[in-house]
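Welcome, and thanks for taking a look at this one.

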Amino acid sequence: MDRTATPVAPSRGALRPLGLDEVQITGGFWAQRQAVNATASLGHIEHWMEREGWIGNFDAAAAGTSAGRRAGREFSDSEVYKLLEAMAWEVGRTDDEVLDARFRAIVGRVGAAQEPDGYLNTNFGRPGQRPRYSDLEWGHELYCYGHLFQAAVARARTRPDADDGLLGIALRAADHVVETFEPGGVASVCGHPEVEPALVELGRTTDRRYVEQAALFVERRGTGTLTDVGLGRAYYQDDVPVRDATVLRGHAVRANYLAAGAVDVAVETADEGLLAALTTQWENTVARRTYVTGGQGSQHEGESFGEDFVLPADRAYSETCAGVGSVMFSWRLLLAQGLPRYADLIERTLYNVVATSPSHEGTAYYYTNTLHQRVPGTVPPADAPSPRASSSLRAPWFAVSCCPPNVARMLASLAAYVATTDDDGLQLHQYAPARIRTRLADGRRVELDVETDYPREGVVRATVVSAEDRPWTLTLRVPAWAHGATLRTPDAAQPAPPGTVSVRRRFAAGDVVELHLPMHPRISHPDPRIDAVRGCVAVERGPEVLCLESVDLAGHADVSGVRLDVGPGLREVDGRVLATLRTTAPADVAWPYGSAHPEQPVTRTDVPLTAYHDWANRGPSTMRVWLPVA
């Protein structure tokens, strides 16, 4: 059994991921968020799932009382499985025995609902419910299995000797899936991709048959096996075969999950043609269909990608789960090909989508992530689920609460995305204070401590802890925005252009390698084909996108009345980025078109900008990322 404590463990590729047993985040930005996730978010999510009856669905199914009483949407089983996955990673990260006991209790309730043939779903197949697999377009049965399998993999890789039974539950369900959907069986796919990457990872952990079933699902996708719907076959990526597609389209979460699974299949089957197609899809999606935050999905209808360059700021959907899916897709391509551009997008998405969703307290979330809030948000009820897309402030829970447990599992497993190895050395992809202890393929021991206050400061200091009598290579990613970076080694300093920079030597204990990244604020201009923000600019600092909030304007003025004065430039004072803004109060007129409107009184002030991931933590406000230029 593969025991690498990481969400993705390919059998081949340019890089080998390091697990939670090899990398620990020890401080800084992400350690604080992991702590909130552990102490507040997991309990909050579990509470709401109990309150809403989603965990109780398994009790009712086991008791034979589900008919007419099941709670939640058709996919609510999957949210329980995502919670289990988050708990499994957190137990693997911290050895929290109290959390482990809660984990085991939920697993016992899930297992009691499994049918003798391995089938497990609380919404289908029992008296008074629809038959199994009678609604593959919308039923989400295979989707739910996917999250079950990923939870089982997390448990098997963090506590391989655990006796809770989750892996056995998953294997019985996976065997049932293979027997039902193998050649000669049901020749279709699930309307919501997710089982594909999960089957591959289960296969990497146990039995290759599951990889073969995932490959079959990938090949079937796009061949019209699902019924057409009002949103079109592209909604669930059943319009074009995966290897023929050139860009991600349709529902943004579905598209990213499918792409992640297809990369897994391509890697495990050495299918270079499929991998090349997915690389093209990633490139075109990043170049034409991705927000400056890394968010994906510009349309509320269908939670989907728009056409090329259709990226409206005020109507951005940018679902949090699509951000998680994007990280999954990019990470797999990074492991397969080793190119830093994938880690660049991961960093952007982590800081500006994943970190934006939860409140500072970890008990409220954004489902969607607008880039322009035109009216002050309204505080959602604390004791009732909110509509997913209409919450203008973070809400404690949603009727469709896929995002809270998705963020939780990402944060709990985040250390696994920090570093990798290859045959000759170690690569740092994401920057956080960290303790890294691993071995290369030939047995060379690599022990590294990383110190940094990133992203507040741009110095990343890697200290070698133990000596080796053979040389190895330390590689650090230089983000695409970091023009003017430098690398300092025990011997010299050198420029570090965007991409990667490497040091190969026979390291001695105490050797220090420092990467200095320029963290001054910068102005980013949009592609002129993005009509929605033409004439505007965004302000970024390091990996963080900044925004303007009305709480920082005199009298909480509306952000629609400001223009950025680029002449004075951007400045940093006491750790905050200041921009010079010209603020007007446009007069109401009977007809808003015609000759040029007369100039209104203008005030010119220096106003602090806020990291986008922090917006709305100070109460209702209007907000914008893209600022019109004076």
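Which residues in α7 meet which residues in α8? On the α7 side they are V195, E196, L199, V200, L202, G203 and R204, and on the α8 side Y210, V211, Q213, A214, F217 and V218. Please keep in mind that this is a predicted model.

**The α7 and α8 pair**

- The axes of α7 and α8 are 7 Å apart, and the two helices pack at an angle of about 160 degrees.
- Angles over 145 degrees count as roughly antiparallel, and α7 and α8 are therefore roughly antiparallel to each other.
- The crossing in which α7 passes α8 is left-handed.
- Sorted by class, the residues of the contact of α7 with α8 comprise nine nonpolar, two polar and two charged.

**The α10 and α12 pair**

- Helix α10 covers residues 272-288 and helix α12 covers residues 340-354; their axes come within 12 Å and cross at roughly 45 degrees.
- With that angle, α10 and α12 are oblique to each other.
- Here too there is a handedness to note: α10 and α12 cross in a left-handed way.
- From α10 the contact takes T279, W282, E283 and V286, while α12 supplies R341, Y342 and L345.

**Helix α6 and its neighbours**

- Helix α6 runs over residues 166-181, which makes 16 residues.
- From its first C-alpha to its last, α6 reaches 22 Å, close to the 22 Å expected at 1.5 Å a residue.
- Its buried residues are L166, L167, I169, A170, A173, A174, H176, V177, V178, T180 and F181.
- Which helices do the buried residues of α6 pack against? They pack against α4 (97-112), α5 (141-158), α7 (195-205) and α8 (209-220).

- Helix α9 is mostly covered, with 17 of its 17 residues buried.
- The 17 residues of α9 should span 24 Å at 1.5 Å a residue, and the 25 Å between its end C-alpha atoms agrees with that.
- After α9 comes A270, with a positive phi near 55 degrees.
- A270 sits in the loop between α9 and α10.
- This alanine is a residue other than glycine with a positive phi, and A270 is partly exposed at a relative accessible area of 44%.

**Other backbone features in loops**

- Q237 is also a residue other than glycine with a positive phi, near 55 degrees.
- The loop that holds Q237 runs between α8 and α9 (252-268).
- Is Q237 buried or exposed? Q237 is buried, with a relative accessible area of 2%.
- Y454 and P455 are joined by a cis peptide bond, with omega at about 5 degrees.
- P455 is found in the loop between β7 (445-452) and β8 (459-464).

**Two C-alpha separations, two residues**

- A62 belongs to helix α2, residues 56-63.
- A62 counts as partly exposed, at 42% relative accessibility.
- A62 and A113 are 51 residues apart along the chain, and their C-alpha atoms are separated by 4.3 Å.
- Once neighbours within four places in sequence are set aside, A62 is in contact with A112 and A113.
- R315 is placed in the loop between α10 and α11 (320-337).
- R315 counts as partly exposed, at 47% relative accessibility.
- What separates the C-alpha atoms of R315 and S66? The separation is 39 Å, for residues that are 249 residues apart along the chain.
- With neighbours within four places in sequence left out, R315 is in contact with S298 and H300.

Technical notes:
Residues numbered from 1 in each chain as written. Predicted model: local features only at pLDDT ≥ 70, side-chain atom pairs only at ≥ 80, totals over all residues. Heavy atoms only, no water. Axes fitted to C-alpha atoms, helices over the stretch in contact; angles between N-to-C directions. Helix = DSSP H or I, 4+ residues; strand = E, 2+ residues; numbered from the N terminus. Parallel < 35°, antiparallel > 145°, perpendicular 65-115°, else oblique. Left-handed = near helix turned anticlockwise from the far one by under 90°. Contact = heavy atoms within 4.5 Å. Expected span 1.5 Å × (residues − 1). Buried < 20%, exposed > 50% of the residue type's maximum accessible area, 1.4 Å probe, protein only. Nonpolar A, V, L, I, M, F, W, Y, C, P; charged D, E, K, R; others polar.
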